[in-house]
Amino acid sequence: LQALRASEERYALALQGANDGMWDWDIAEDSVYFSARWLGLMSLDAAQAQDMGAWTSQLDVQAKQAFDEALAEHLAGRSQQFHHVLHFRQGGIERWLLARGVATREAGAAVRMAGSLTDISEQQQLQRQITFDALHDRLTGLPNRALFLERIGQGFVAANGSRELGVVLIDIDAFRALNEGEGTQAADAVLIELARRLGQREGQALNVARLGADRFGLLFS
């Protein structure tokens, strides 16, 4: 009993340190346990989490189908571990939760399944920001030179000789003098305002980008 109690305390402490939710599904009885942390991550109360349907209560139809398919794959023995990311909006905030679990089997059939739920929203937001920054200008938010050239290439492929593409380059005259005379803050305000106006242009502009310190590009079809 002492060894069992020590093991349970160790497991509870590990879960608390990881800040993960825990779940345990008795497949034969079709009953499921969700920890308080799991309920908190999903923004559900105990009355709303009576069965496995609680997993998909926050998801749209397509995301629900993806979860059900991943779970069925594991229950059928076609994956060693259930591993699925739930992605949804909650109170206007985008959330990513990583669901993990493993089924125990008797005579090849899954009889029980347990695992964890981890909030990975911060990591996903950081990765999204890193990806965005690699292809966009930080000051204006416009695509940078690399993304502009990539989209020109995509435009040629999509056109396939059936239409013409046009590129317009815009350069701000005497921008260095403006920067030195009025200061960086004023110069940045000019760049931001120009980017805003270019982005609002009507017509067939496919892409607007900032290509350099005071140079912008527009791609037209």
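Contact here means heavy atoms within 4.5 Å. The model is a predicted one.

**Stop one: Ser35**

Select Ser35, in the loop that runs between strand E2 (31-34) and helix H2 (36-42). Setting aside residues up to four places away in sequence, Ser35 touches Gly21 and Met22. Its relative accessible area is 9%, and Ser35 is therefore buried, the cut-off being under 20%.

**Stop two: the aromatic residues**

Now select Phe34 and Trp38, both of them buried. How are the two rings arranged, stacked or edge-to-face? Of the 6 aromatic pairs in the count, Phe34 and Trp38 make one that is stacked, with 3.8 Å from centre to centre and 20 degrees between the planes. Planes under 30 degrees apart count as stacked, which is why the pair is given that name.

**Stop three: His74**

Phe82 leads on to His74, as it is among the contacts of that residue. His74 sits in helix H3 (residues 61-75). With a relative accessible area of 1%, His74 is buried. Which residues surround it, neighbours within four places in sequence left aside? Select Ser79, Gln80, Gln81 and Phe82, then Gly101, Val102, Ala103 and Arg105, and finally Met113; each is in contact with His74. Draw a C-alpha to C-alpha distance from His74 to Met113: it is 10.0 Å, while the two residues stand 39 apart in sequence.

**Stop four: Asn144**

Move to Asn144, in the loop between helix H4 (121-135) and helix H5 (145-159). Asn144 has 16% relative accessibility and so counts as buried. Show its side chain, which reaches the backbone oxygen of Ala134 at 3.1 Å. Beyond residues up to four places away in sequence, Asn144 touches Asp133, Ala134, Leu135, His136 and Asp137, as well as Ala209 and Arg210.

**Stop five: two residues with positive phi**

Most residues other than glycine have a negative phi. Select Ser43, in the loop between H2 and H3; this residue is not a glycine, yet its phi is positive, about 55 degrees. Ser43 counts as partly exposed, at 43% relative accessibility.

Then select Ala174, in the loop between strand E6 (166-171) and H6. Ala174 also has a positive phi of about 55 degrees without being a glycine. Is Ala174 buried or exposed? Its relative accessible area is 56%, so Ala174 is exposed.

**Stop six: helices H6 and H7**

Finish with helix H6 (residues 175-182) and helix H7 (residues 184-199). Two packed helices are described by the angle between their axes and the distance between the axes. For H6 and H7 the axes come within 6 Å and cross at roughly 140 degrees. The two helices are therefore oblique to each other; roughly antiparallel would require an angle over 145 degrees.

Which residues make the contact? On the H6 side, select Phe175, Leu178, Asn179 and Glu182; on the H7 side, select Thr184, Ala186, Ala187, Val190 and Leu191. Coloured by residue class, the contact of H6 with H7 shows 6 nonpolar residues, 2 polar and 1 charged.

Definitions and conventions:
Residues are numbered from 1 along each chain as its sequence is written. This is a predicted model: local features need pLDDT of at least 70, side-chain atom pairs count only at pLDDT 80 or more; totals for chains, interfaces and linings use all residues. Side-chain values use heavy atoms; hydrogens and water are left out. Axes are lines fitted to C-alpha atoms, for helices over the stretch in contact, and angles run from 0 to 180 degrees between N-to-C directions. Helices (H or I, at least four residues) and strands (E, at least two) are DSSP runs, numbered from the N terminus. Angles under 35 degrees count as roughly parallel, over 145 as roughly antiparallel, 65 to 115 as roughly perpendicular and the rest as oblique. Ala, Val, Leu, Ile, Met, Phe, Trp, Tyr, Cys and Pro count as nonpolar, Asp, Glu, Lys and Arg as charged, and the others, Gly among them, as polar. Buried means under 20% relative accessible area, exposed over 50%, partly exposed in between (1.4 Å probe, protein chains only). Rings of Phe, Tyr and Trp (its six-membered ring) pair if their centres lie within 6.5 Å; planes under 30 degrees apart count as stacked, over 60 as edge-to-face and the rest as tilted. A polar contact is a pair of N or O atoms within 3.5 Å; within protein, one must be able to donate a hydrogen and the other to accept it, and residues adjacent in sequence count only if both atoms are side-chain atoms.
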